[in-house]
Structures are given as structure tokens and as C-alpha cells.
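Hello,

Here is the structure for your files. My notes on it follow below.

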Amino acid sequence: MAAHLSYGRVNLNVLREAVRRELREFLDKCAGSKAIVWDEYLTGPFGLIAQYSLLKEHEVEKMFTLKGSRLPPADVKNIIFFVRPRLELMDIIAENVLSEDRRGPTRDFHILFVPRRSLLCEQRLKDLGVLGSFIHREEYSLDLIPFDGDLLSMESEGAFKDCYLEGDQTSLYHAAKGMMTLQALYGTIPQIFGKGECARQVANMMIRMKREFTGSQNSIFPVFDNLLLIDRNVDLLTPLATQLTYEGLIDEIYGIQNSYVKLPPEKFAPKKQGDGGKELPTEAKKLQLNSAEELYAEIRDKNFNAVGSVLSKKAKIISAAFEERHNAKTVGEIKQFVSQLPHMQAARGSLANHTSIAELIKDVTTSEDFFDKLTVEQEFMSGIDTDKVNNYIEDCIAQKHPLIKVLRLVCLQSVCNSGLKQKVLDYYKREILQTYGYEHILTLHNLEKAGLLKPQTGARNSYPTIRKTLRLWMDDVNEQNPTDISYVYSGYAPLSVRLAQLLSRPGWRSIEEVLRILPGPHFEERQPLPTGLQKKRQPGENRVTLIFFLGGVTFAEIAALRFLSQLEDGGTEYVIATTKLMNGTSWIEALMEKPF
């Protein structure tokens, strides 16, 4: 059991166990020793479901990464390919299988598509003459992966681009399937709210799937009261701004992948007396980040400016606890101290790690450039000078700062101004193409198509109305003891989270005007519950809302929702699901056209 998945109102271990069981059943179908050939992208998400020990129990002896030409030698009976349904991967698999066939003793081949089987892929394998080599061709419906006690992700890296640029709804279908799995395990969700075109599509698919399953109505008491489906393009602004929570900044600077972060090793080298000539470690320090670690759970959602005081307080408590050993006189007292030692040493190690990470982040956040960039972002978000060419952005282009940084700022300006004046937009585009290369013309086209970068139409700028009605900008933010979600961006309240907050109380009827300005429909659907399963809430018991971000969510938004869950009089606890955990950099990266 993964303890960090069961601390909330919803025990996500139930979901983890269900997908582990499905994996074990498939492995047992392939009797005998096994080698797994991994589509590299899947190894991270799978690591959150099943460690190597589970695979080993089911006779997995070797693991390889899917690569062209021949497979490494392995004395096993079964070779299983774990892959996403991508045509280009089928070509590599065919190459592997054909080279194995020439090698001698026959092997049994199997293929497991994650999360769905694909007729197109099977046709490609057939065209390449290897389809008949596979004994089992199955799918493993790993739609939603539990990351933490209140967090699920599909880790579908192309979901936003597929939906908004390619018009491909595959990821929406997977989202709907994932929701059906959750309802099978945690009961029917009585109310569905949504905002956005994709949200409407997912709700429609869910209702259709539910109709198809009538008769097999599950009699589980519903754990969730509401589901809120929200499109990323309803709030394009939030991911473009720099996140200012501890976890958000770790992600902005180093990138968190499947709960792990890789950090520069020199900060983590053990300091020993007189080892002046000792070589520093060269391999990146890899740390897992989730609520299983007490200290991380406490500081991850705080504004970075509030983290230092928590760390120094913790340091005093830990050193005082170690000092206690001098007071232990009797055998009983010594025994008690020794029994607490492992926990204390783990706490000391955790504190050392997070102090080092905080120092690394501080080096970045105290730099002049970070301050200048933040100032520009905050001016845009509070509505200052959004309609003309910005000097700082000009300087960044002239000094050839990373292109993604420039694109994030230009897109932020465009979103906060409901589009840029044509001459301002043309100027930025010309400068970008002349400085970074004309191959980026396709990237600019993608950003326009996604609505991140656009010319202003005749309509007036609607952002000031949205900002004012939803109170998106707060001047007096208390970063140490926050009273509002705007602390996660030191002034800006994420629009998506504000919508969730207002839905909970007083309801969306109070903001009809703004909902009409934001893209896509807003709707409410009721799902009838079987008799006897209607939920009667105890006095003072919070509602549980599952909020699903279609197109990605940032750690700052997650922090803001956790803040709302913890409010004494909030009345709602949130569980967060998404197609992908992302930040502004990974988002823009996914929309960039790779030059050939």
C-alpha cells in the first residue's frame, strides 16, 4: 500500500490496486520467464503503479528500452512490448521481431497497448508481416494514475495540442473512460458541472457510456458529490505566469517528472572536514516529491517567501530533539530515544535536502532578471501597459534569451489584452523570426491557432471585466499567512481555481456575464443515483468535488485548490485530475513545431 494515496477523504489506493491487479493478470497470461520492452515514455507513469519487485514476482527477468534493430540477448520465453498506440513505434517493434525470428529458438511475443488497442497500429504490424507473431494483443487501460492523495493525472503529453490544434479527441475519450473507471470504484457522481467545449464533449461521452452500461448499475455509495470539468483554454493565462509556490518553482526551474526531480549534485555532497581535494559528485541528485515526506507535504504549497521560516523552525525542533539524548538517564528513557532515532534521522535528512533545494531556488529568485520578468508579468496581469511593445521583452529578444521565455511573455501580454494590436503583434513576430530563425514561423502559427497569441479584433478588451468580476488581482497579499488563493502567484488568483471557488459558493449564477465572455459553453448535468444511495451529509461535513483539468494543470493551481480544501468554512474538499501536470515551459514546448 502507498500510504500517501490514502490520507484524504478519497482513498486513491483503491484505484492503484485495481490497475495493479489488471497488470498482474496480464503478466500471468504469458506463462514462463519474461522480458519487457518499454516504450520509454511509459516507464515514469508505470513506476507510480508498480515497482520492479511486482514485475519480478511475475517472472519478469529483463527490461529493455524500445529501440531499432535487434533486441539485447535475453534467455527468456516471452517478450512483451509495452507501448502507446503510435504508428512510428510499430515500425520499431516489427524490426525487433523480424531480427529475433532470424536468431534461432522461437520466442513468444506479446503486445500491450497503453491505454487502448489501435486498429491502425495492428494494421501497420500486419502490413509489416509481424502481426501473426503476437500471441496476446491486449490493452491496459491506464487512464488516470494516482500521483498523490488528492491528485490524478493521465500524463498524456499531447492532449492540449491534439484537442485545440489537431481536432483529435482521443484524449477526451480516454478522460471519459477514466471517469467511468472512477465511478465504478467510487460510485456515481450525482452532479456534473463544466465550462468549455472539451468539457461538454467529455460529459456527453460519459452520459453515453453510462447509458450503454445500464443494468450494470453499481451500488456503491457515492464518494464524490460533484465533478467539475474545465477546459484549459478557458484559462490560458495561469500557466503562462511564473508559479511562486515552493513546488511550482521546483517545477519551473528543474521540471518535476512523474513525482521525481533531478537536481545539481554539488549542493548535496556530504561535507567532510579536510576533504578539500575530494571530487564532487557528477550525477544529478534524484529525489521523489510527494506527501509521503512529512516536511515536503507541509511546505510544497506555500509561497516560496514563506518557506525559509518553516525550515529554520524545523531545524530548531530537530536539533532540540537530538539534544534530548543527554537527558536520557534511565534504560527506559534511552530505549525510548533509540526507538525514535530512525524517524529523527529521516527528518534531519529531509530538512537537509529541502534546505539545499531552497538555496538553489533562492539563487534564481534573487537574480535581477527573475525580478524584472516577474515585474513585467505582474504589470500585465494587473492591466498595466498591455497594449504596446514591452521594453523588457524587446531586450530579451535582442539579448537572445531562451525563446520559450520570450514566447511565454508575449503570449501572456496577448491574453491579458484579449489579443495584441496588429502592428504590435507583427513587430514581435518579425523580431522573433529574425533573431531565432524563420523555422519558428510554424510555432507562431500554432500559438495563434491555440488562442495564445492573436490579433485584437474589433471587440473591446474583455480581460479587465473578467479580472474585476472574478477578483483576479489582489494588491494586498499575505504570503506568510494567506487568506486568499492569490498568494500562489503573489497577487494573481488563478482564474480556473476562482471559477471552482465561485461554483462552490455562491454558485455560477452570480457570474453569468463573465461565463459568457469566457470561451465554450457552461452546463450542469445530473446523474440519477440508484434508490437508497442518495447522499445525506452530516452537519459540518464537507462536499467532495473532483475537478478535472482538460489540457493540463500547474502545481500552483493544485496548491490553490488545496488551500481552499483546508479552509475552515470552505465547505468543499477538492480532488484534482488532469490530462497532464505541466508548467508554462512544457506547455509552450508541446506546441512548438520541431524543425526537421
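Where is proline 115 found? Proline 115 sits in the loop between β4 (108-113) and α5 (119-127). Helices here are DSSP runs of H or I with at least four residues, strands are runs of E with at least two, and both are numbered from the N terminus.

Some ground rules. This is a predicted model, where local features need pLDDT of at least 70, side-chain atom pairs count only at pLDDT 80 or more, and totals for chains, interfaces and linings use all residues. Residues are numbered from 1 along each chain as its sequence is written, and side-chain values use heavy atoms, with hydrogens and water left out.

Backbone points

The bond from valine 114 to proline 115 is cis, with omega near 0 degrees. The bond from arginine 505 to proline 506 is also cis, with omega near 5 degrees. Proline 506 lies in the loop between α20 (495-504) and α21 (512-517).

Asparagine 258 has a phi of about 50 degrees, although it is not a glycine. At 15% relative accessibility, asparagine 258 counts as buried (under 20% relative accessible area; exposed is over 50%, partly exposed in between; 1.4 Å probe, protein chains only). Aspartate 385 has a positive phi near 50 degrees and is not a glycine either. Aspartate 385 lies in the loop between α14 (368-381) and α15 (391-398). Its relative accessibility is 39%, so aspartate 385 counts as partly exposed. For context, most residues other than glycine have a negative phi, and most peptide bonds are trans.

Sheets

Strands pair if DSSP finds at least two bridges between them. An open sheet of 3 strands runs β10-β11-β12, with antiparallel pairing. Its edge strands are β10 (256-257) and β12 (285-288), each pairing on one side only. β10 and β11 (residues 260-263) pair over 2 bridges. Isoleucine 256 faces valine 261 in β11.

Another open sheet has 7 strands, ordered β6-β7-β15-β14-β9-β8-β13, with mixed pairing. β6 (145-148) and β13 (522-526) each have a single partner strand, so one side of each lacks a neighbour in the sheet. β6 pairs with β7 (residues 151-153) in the antiparallel sense over 3 bridges. Isoleucine 145 stands opposite serine 153 in β7.

Helix pair

The axes of α16 (residues 403-416) and α17 (residues 422-436) come within 12 Å and cross at roughly 175 degrees. Axes are lines fitted to C-alpha atoms, for helices over the stretch in contact, with angles from 0 to 180 degrees between N-to-C directions. That makes α16 roughly antiparallel to α17 (over 145 degrees). Leu403, Val406, Leu407, Val410 and Gln413 in α16 meet Tyr428, Ile432 and Tyr436 in α17 (contact means heavy atoms within 4.5 Å).

Cores

A nonpolar core is a set of buried Ala, Val, Leu, Ile, Met, Phe, Trp, Tyr and Cys residues joined through side-chain atoms within 4.5 Å. The largest has 169 residues, of which Phe82, Leu499 and Phe548 touch the most other members. α16 gives the most to this core, with 10 residues. Leucine 499 touches Ile230, Val234, Leu470, Trp508, Ile511, Leu515 and Leu518, leaving aside residues up to four places away in sequence. A second, separate core of 23 residues includes Val76, Ile93, Val97 and Ile111.

Best wishes

Note on methods
Parallel < 35°, antiparallel > 145°, perpendicular 65-115°, else oblique.
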